[in-house]
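Dear colleague,

I am passing on the structure below so that you can look through it before we talk.

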Amino acid sequence: MNHKIWRFDNANSLYYALIDSLAQSISKIVDSGRNPVLALPTGNTMIPFYRIAIESAEKLQIEKWLCFNLDEYYPIDESNEELTFEEFMEQNFYSRLKEPVQLKKILDGRTHTPEQECLEYEKLIKSHGGIDICILGLGLNGHIGFNEPKSAFDSRTRLVDLHPQTLMSNFNGQAIFTHAMTMGIGTILESKEIMLVALGKSKAQTIKSAIKEPPSTQCPASALQRHECVTWFLDQEAADLI
Ligand code: GLP
């Protein structure tokens, strides 16, 4: 098993170390003659990551990436489209790249057939050989993607209910979206490599449950203990209880 827990004194050094690790993994894939397939996260934690990634586009060979977002709110209409992850990704990443990625996919929150959308997403990921590198943020309640507590560790891409705590942290308690589509924990665990980023005191207890306590569906991120190759990028505050 190849689990690394890296702690950083400040956020900036964490993001640069993440970029370096990512660049190394991407190079190996490109040198083997393939385009890297990535699962990409959203969330405030990831905004500086995307900014630095854009500045490091050449080193990261971003123009070779095939990108699949982890999750998207559901259902999207004109009243809520500014809050979608599609919008987040355009604003923070895709629209600011000088050279576009090879493929950008996100679950379609406007579909009327979410079950079918999720099945097709899984098929598309498989048709590209699966996810090489999955980058994850962490929800306060331990969610990865939108796999909320009680999600099965073998769950696949599907429509889910959002947890009240998620509504609280993402929308100040307002029920702007109550559902989402997310890659499953099983889907995430099939990635060849996982890099998780967590910053701040508010994530310390969740990090402890995820890393130090026996795996439990109460803390979805604890499923990562069952993966072969995970690097945890933590600041001192998030790592305070481990
Ligand atoms: C959302 C996403 C998660 C992400 C989480 C973390 O809920 N669905 O994939 O990990 O936000 O958010 P933040 O970085 O803002 O704490």
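**Aromatic pairs**

A search of the whole structure, which is a predicted model, finds 14 aromatic pairs. One of them is formed by Trp65 and Phe93, whose rings lie 6.0 Å apart, centre to centre, with 35° between the planes, and this pair is tilted. Trp65 belongs to the loop between α3 and β3, while Phe93 belongs to the loop between α4 and β5 (103–105), so the pair ties together parts that are 28 residues apart in sequence. Trp65 is buried, with a relative accessible area of 0%, and Phe93 counts as buried at 0% relative accessibility.

Another pair, between Phe85 and Phe146, is stacked, with a centre-to-centre distance of 5.6 Å and 15° between the planes. Because Phe85 sits in helix α4 and Phe146 in the loop between β6 and β7, this pair ties together parts that are 61 residues apart in sequence. Phe85 is buried, its relative accessible area being 9%, and Phe146 is buried too, with a relative accessible area of 2%. Ring pairs also join Phe49, Tyr50, Trp65, Phe88, Phe93 and Tyr94 into a cluster.

Leaving aside neighbours within four places in sequence, Leu22 is in contact with Leu38, Phe49, Leu60, Trp65, Ile133, Ile135 and Met195.

Leu14 is a residue of helix α1, which runs over residues 11–31, and it is buried, with a relative accessible area of 0%. If residues up to four places away in sequence are not counted, Leu14 touches Phe8, Val197, Ala198, Leu199, Phe233, Leu234 and Asp235. Between Leu14 and Phe93 there are 79 residues of separation in sequence and 19 Å in space, taken from C-alpha to C-alpha.

Helix α8, residues 204–211, is mostly covered, with 6 of its 8 residues buried. These buried residues are Ala204, Thr206, Ile207, Ser209, Ala210 and Ile211, and they pack against β1 (2–8), β9 (193–198) and β10 (229–235).

**The largest pocket**

What surrounds the largest pocket, and which residues lie nearest its centre? The pocket has a volume of about 790 Å³ and is lined by 34 residues, with Thr42, Gly43, Asn44, Phe85 and Asn170 nearest the centre. The elements that give two or more residues to this lining are β4 (71–74), α4 (85–92) and α6 (164–171). By kind, the lining residues divide into 14 nonpolar, 16 polar and 4 charged.

Most residues other than glycine have a negative phi, and most peptide bonds are trans. A cis peptide bond joins Tyr74 and Pro75, with an omega of about -10°, and Pro75 is placed in the loop between β4 and α4.

Gln61 is not a glycine, yet it has a positive phi of about 50°. Gln61 is found in the loop between α3 (57–60) and β3 (66–69), and at 15% relative accessibility it counts as buried. Lys150, also not a glycine, has a positive phi of about 85° and lies in the loop between β6 (133–136) and β7 (158–161). Whereas Gln61 is buried, Lys150 is exposed, with a relative accessible area of 66%.

With best wishes

Note on methods: Residues numbered from 1 in each chain as written. Predicted model: local features only at pLDDT ≥ 70, side-chain atom pairs only at ≥ 80, totals over all residues. Heavy atoms only, no water. 1 Å grid on protein atoms, 1.4 Å probe; cavity = no way out; pocket = protein on both sides within 12 Å on 5 of 7 lines; lining within 4 Å. Points joined across faces, edges and corners; volume = space filled by probe spheres on them. Helix = DSSP H or I, 4+ residues; strand = E, 2+ residues; numbered from the N terminus. Nonpolar A, V, L, I, M, F, W, Y, C, P; charged D, E, K, R; others polar. Buried < 20%, exposed > 50% of the residue type's maximum accessible area, 1.4 Å probe, protein only. Contact = heavy atoms within 4.5 Å. Phe/Tyr/Trp six-rings, centres within 6.5 Å; stacked < 30°, edge-to-face > 60°.
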